[in-house]
Amino acid sequence: MDWTNAEVSHSVPTEQRLAKARASLVCKLPEAGLGEAWTQEHLLGEIAPGFTSSSRCASYFAYTTGAVTDAALFADWVASTYDQNVAVHLPSESVATKLESVTLRLLQQLLGFDEDVFVGRIFTTGATASNLLGLALGREFVVAEAGRRKTVNATPHSSLYKAAAVLGLGRDSVLALPRSEDETWKFDLEALEAKLADGASIVSVSAGEVSSGKFATDGQDMQRIRDLADKYGAWVHVDGVTFGLQARVLPHTESYRHLTDGVSNLELADSLAGDCHKLLQTPYDCGFFFTRHLDVQQCVFRNPNAAYLSATPSQIPSPLNIGLENSRRFRALPVYATLLAYGRPWYRELLEGQIALARRIARYIVDSDAFELLPNDNFAEVYMVVLFRAKDAKLNESLVARINTDTRIHVSGLPGGWRGKPAARIAVGSWRVEGEREFTLIVDILETVVRESMTT
Ligand SMILES: *Cc1c(COP(=O)(O)O)cnc(C)c1O
């Protein structure tokens, strides 16, 4: 097996391949080392065939994953080779912290967040860690007001409950706001104000809901949320992960209005979580966190006792004083490499191509007799996720499994279904998609599924 970043045509391994990979695992520590050559052969020849091709197959549409660009892969390899520990700012020893700081600013330029306003910035292990940072800062910010520490969110991602649990706020402290009546994912702002009046003090906004790619706010809502937060002394955190923040690179044209509205005014937040492994197609694990309140960030994460921390006076804080970890991987390098290699236009065109494919699939679903687009027929508002189900209830029960019997493609179901019934989800996440090719494949597979369901 080759170990380049070349594209492959199977999205997940067959059962036989998986079984073979499992059977090859060495489960007892050998008395003596088996050698580098043997180990390489083992990893590439026996283990790797048991991996998903989520990053290497253009038609892996499950969950929400990005892929890995060639430039990012190369840089990740360099990062491992030089193995910089990006924990303390030591400008006379390494350029690593400077590069990290520069890269975070490039990212802010790409996504349209003022570098001089969002002065707290750090790479994390992923968006879950970034959400944790956001809630931790929010708690610090409001801690003076004892008891007011509920978090409200219209469509909270599971990672938010986890962050709340880890912080000791408790899972129950995350209050999901009711969705507004009209089947959209909108924040119910009246419900929000009632919760704030009742003592909630951290407002978390999902910019890009994970199952549907829908937005919970538009620019006006964000302004209103900011005003409410100021009135009640609350903290506003934005979880901009499911490709949400990325919509900020789109041109402001009519066909994207719904999306660009959905991510406008996000800069009114106190803190923002995002990730590069989904957004920018860098390898796992790479998240980022921006905040206006560097002082609060340092207050929470300062590492007070290590003598070597007395950093030279500089604008760059030591990462270990503004984030969770002490020793840290050089996550900035793949981000730096991919941003420089491809640039803003490439990322914009990539996203436009992904949206075009998702909308084409959505339109096919709307026009078909067998399937139904969710939450409604409006394919022109689709972002990168196509949520749908089979009209025939029996087919719908097994739809995801039937689609996935063809290993060229892989989709996932919506956990819990949509309004009590199973729903399938095609998330267009990879830079490898070409459009025509994937569209033809999907239509072919969906039509096969329908045909075969009539005979079985
Ligand atoms: C994926 C996702 C997360 C979790 O991000 P990780 O990087 O996997 O930790 C959080 N929020 C949303 C909306 C997501 O889509």
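Trainee: By class, how many nonpolar, polar and charged residues does the shell around the ligand have?

Mentor: The shell has 3 nonpolar, 8 polar and 3 charged residues. Ala, Val, Leu, Ile, Met, Phe, Trp, Tyr, Cys and Pro count as nonpolar, Asp, Glu, Lys and Arg as charged, and the others, Gly among them, as polar. Before going on: this is a predicted model, where local features need pLDDT of at least 70 and side-chain atom pairs count only at pLDDT 80 or more, while totals for chains, interfaces and linings use all residues. Residues are numbered from 1 along each chain as its sequence is written, and side-chain values use heavy atoms, with hydrogens and water left out.

Trainee: Which residues are the closest to the ligand?

Mentor: T128, D239, T242, H277 and K278 are the closest of the 14 residues that surround the ligand. A residue is near a molecule if one of its heavy atoms lies within 4 Å of it.

Trainee: What does the side chain of H277 do there, in terms of polar atoms?

Mentor: One of the polar side-chain atoms of H277 lies 2.8 Å from a ligand oxygen. A polar contact here is a pair of N or O atoms within 3.5 Å; within protein, one must be able to donate a hydrogen and the other to accept it, and residues adjacent in sequence count only if both atoms are side-chain atoms. The side chain of D275 has an N or O atom 3.5 Å from a ligand oxygen. For H157, a side-chain N or O atom is 3.4 Å from a nitrogen of the ligand.

Trainee: And how much of the ligand's accessible area does the protein cover?

Mentor: 84% of the 380 Å² that the ligand has on its own. Areas come from the Shrake-Rupley method with a 1.4 Å probe; for residues, only the protein chains shown count as cover.

Trainee: Which elements give two or more residues to that shell?

Mentor: Helix 5 (127-142) and helix 10 (276-279). Helix 5 has the largest share, 3 residues. Helices (H or I, at least four residues) and strands (E, at least two) are DSSP runs, numbered from the N terminus.

Trainee: How do helix 5 and helix 6 pack?

Mentor: At an angle of about 50°, with axes 9 Å apart; helix 6 is residues 158-166. Axes are lines fitted to C-alpha atoms, for helices over the stretch in contact, and angles run from 0 to 180 degrees between N-to-C directions. The two helices are therefore oblique to each other. Under 35 degrees counts as roughly parallel, over 145 as roughly antiparallel, 65 to 115 as roughly perpendicular and the rest as oblique.

Trainee: Switching to the backbone, where is the peptide bond from Y284 to D285, and what is its omega?

Mentor: That bond is cis, with omega near -10°, and D285 is in the loop between helix 10 and strand 7 (287-291). L374 and P375 are also joined by a cis peptide bond, with omega about -5°. P375 sits in the loop between strand 8 (371-374) and strand 9 (385-390).

Trainee: What is the phi of N265?

Mentor: About 65°, which is positive although N265 is not a glycine. N265 is in the loop between helix 9 (257-262) and strand 6 (271-275).
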